[in-house]
Amino acid sequence: MSVQIRPISADEIEAFLGAISIPFGFDATPEALARFRDVFEIERMQAAVDGRQIVATFGALTTQMTVPGNILPLAATTVVTVLPTHRRQGIFRNLMTDHLAELHQKKEPLAALWASESSIYGRFGYGPASEKSVVKLEKPYAQMQEPVEIAGTMRLVDRAEAQQLFPAIYEAIAPHRPGMLTRSENWWNNRVFRDTEYMRRGATAHRRVLHVRDGRPVGYLIYRTRADLQRGGSEVQVIELFGIDVAAEKSLWQFVFGIDLTTTIDHWNQPVDDPLRWWLEQPRRLERKIEDGIWLRVIDVAAALAGRKYSSPGSLVLRVRDEHCPWNNGVWQLEVDGDGTARCRASNAEPELELTAYALGMVYLGGHRFAALAKAGLITGSSEAIRLADVLFSWEPLPFCPDFF
């Protein structure tokens with residue numbers, strides 16, 4: 001019997017989650033099922049079905065992402081699995097082909113995902129667009145180079161108050177950093193604030209801290225602690241730390257450094273350009289491991305390139321090679337005005353640069369340089385065109401995504 005790919009129905013959610021749970025290594029408990037119903041858009045979930053069994057899953061979340069100078073619609077690619085009994089049969093390729101066609105039809109110019117394996121998604125035009133730092137700091141080295149006086153107050157708040165006040169702080173920050181998502185109320189409630197025993201992995205429930213200065217909320221911190229019995233203290237696990245300005249960020253880190261009985265401070269997802277290490281008395285004591293963050297897929301070259309801003313005026317002709325989205329495959333003229341806005345159209349001109357959809361995903365948010373990718377053989381073109389592209393596409397700050405999906 002052949003494998004069929006189709007949307008799932010409401011009465012197949014439990015079987016769909018059961019299929020997801022096998023490759024991802026969790027049990028499809030009633031709690032997990034309730035979360036799935038709350039978080040995921042059932043109409044955007046696709047299944048590969050062999051007989052009566054769901055053997056592969058695929059889905060998308062409808063959201064928006066900050067790009068340089070703008071916010072664009074984004075399909076967040078998610079729940080991509082194939083059962084071990086059905087690997088190497090072309091099922092994933094067929095699901096991905098259908099997915100890209102669906103996004104094109106819906107006129108979503110961008111897609112993004114977190115790659116469980118870095119060898120898979122580049123073949124389909126997703127490129128690692130951002131990086132993140134996994135950081136660890138031993139408590140004895142949690143000292144600022146210059147003393148920080150916390151202006152205002154720090155207050156532990158319950159979930160209800162956090163739900164009321166934290167989103168406005170995030171919304172003041174997100175439009176200015178590429179890669180950050182627009183969070184709906186559902187996203188806040190069922191992703192950011194959801195705090196189950198499974199998610200804690202032996203640590204405490206969320207601790208939520210609000211920073212207020214001059215009567216106004218200016219930052220927040222979400223963290224957990226986990227007992228470090230061998231060392232007689234606790235590991236502080238920073239989940240989110242956002243301040244609307246440098247002073248607020250410094251104050252929040254100073255608060256973290258002052259938590260009693262701490263042995264180590266960890267943060268799984270920090271921007272690579274975060275200034276924390278340069279604030280420290282001993283910067284090298286901040287252990288940093290650089291990992292890839294989100295992978296970006298340009299679905300519509302013209303809409304995506306015209307939808308962001310650029311750091312300088314200029315004109316560039318690019319040849320994009322894209323076998324999986326044939327509507328992108330061709331030559332495109334990018335014209336950038338003095339204010340950074342741009343137009344992009346198909347062209348018959350001689351291309352100055354040539355790159356794949358994979359490489360375009362890498363450079364689109366400003367997280368990688370054209371020159372570096374040219375040295376790696378991922379982009380070809382004249383040295384003048386590569387220099388111009390780096391000037392055009394560069395952006396401050398670097399891309400970062402705090403949301404795992």
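Reader: Which strand gives the most to the lining of the largest cavity?
Author: Strand 12 does, with 3 residues. Strands (E, at least two) and helices (H or I, at least four residues) are DSSP runs, numbered from the N terminus. A cavity is a set of points on a 1 Å grid over the protein atoms alone, where a 1.4 Å probe fits but cannot get out, and lining residues have an atom within 4 Å of a point.

Reader: What kind of model is this, and how are things counted?
Author: This is a predicted model: local features need pLDDT of at least 70, side-chain atom pairs count only at pLDDT 80 or more, and totals for chains, interfaces and linings use all residues. Residues are numbered from 1 along each chain as its sequence is written, and side-chain values use heavy atoms, with hydrogens and water left out.

Reader: Back to the cavity. How much space lies in the largest cavity?
Author: About 40 Å³. A volume here is the space filled by probe spheres set on the grid points, which are joined across faces, edges and corners. The structure holds 1 cavity of 30 Å³ or more.

Reader: Which residues line the largest cavity?
Author: Val135, Leu137, Trp253, Phe257, Ile265, Asp266, His267, Leu276 and Leu286. Strand 7 (131–138), helix 7 (246–257) and strand 12 (262–271) are the elements that give two or more residues to this lining.

Reader: How do strand 7 and strand 12 pair?
Author: In the antiparallel sense, over 6 bridges. Two strands pair if DSSP finds at least two bridges between them. Val135 stands opposite His267 in strand 12, and both residues line the largest cavity.

Reader: What joins strand 7 to strand 13?
Author: 6 bridges, and the two strands run antiparallel. Here Lys136 stands opposite Glu287 in strand 13.

Reader: OK, what's the strand order in that sheet?
Author: The order is 8-9-10-11-12-7-13, in an open sheet of 7 strands with mixed pairing. Strand 8 (153–156) and strand 13 (287–292) stand at the edges with a single partner strand each, so one side of each has no neighbour in the sheet. On average, neighbouring strands of this sheet are turned by 25 degrees against each other, direction ignored.

Reader: Which strands does helix 7 touch?
Author: Helix 7 packs on the sheet and touches strand 7, strand 8, strand 9, strand 10, strand 11 (233–243) and strand 12. Its direction makes about 170 degrees with that of strand 11. Contact means heavy atoms within 4.5 Å. Axes are lines fitted to C-alpha atoms, for helices over the stretch in contact, and angles run from 0 to 180 degrees between N-to-C directions.

Reader: Is strand 11 mostly covered or uncovered?
Author: Mostly covered: 9 of its 11 residues are buried. Buried means under 20% relative accessible area, with exposed over 50% and partly exposed in between (1.4 Å probe, protein chains only).

Reader: How many bridges does strand 11 make with strand 10?
Author: 10, in the antiparallel sense. One of the residue pairs is Arg224 with Gln237 in strand 11. The hairpin of these two strands has 4 residues between them, and Gly232 there takes a positive phi near 70 degrees.

Reader: And how do strand 11 and strand 12 run?
Author: Parallel, joined by 5 bridges. Val236 has Ile265 in strand 12 as its bridge partner.

Reader: What about the largest nonpolar core? Which residues have the most contacts inside it?
Author: Phe36 and Phe405, in a core of 79 residues. A nonpolar core is a set of buried Ala, Val, Leu, Ile, Met, Phe, Trp, Tyr and Cys residues joined through side-chain atoms within 4.5 Å. Leaving aside neighbours within four places in sequence, Phe36 is in contact with Ile13, Phe16, Leu17, Ile20, Ile42, Met45 and Val79. A second, separate core has 25 residues, including Leu83 and Leu100.

Key. 1 Å grid on protein atoms, 1.4 Å probe; cavity = no way out; pocket = protein on both sides within 12 Å on 5 of 7 lines; lining within 4 Å.
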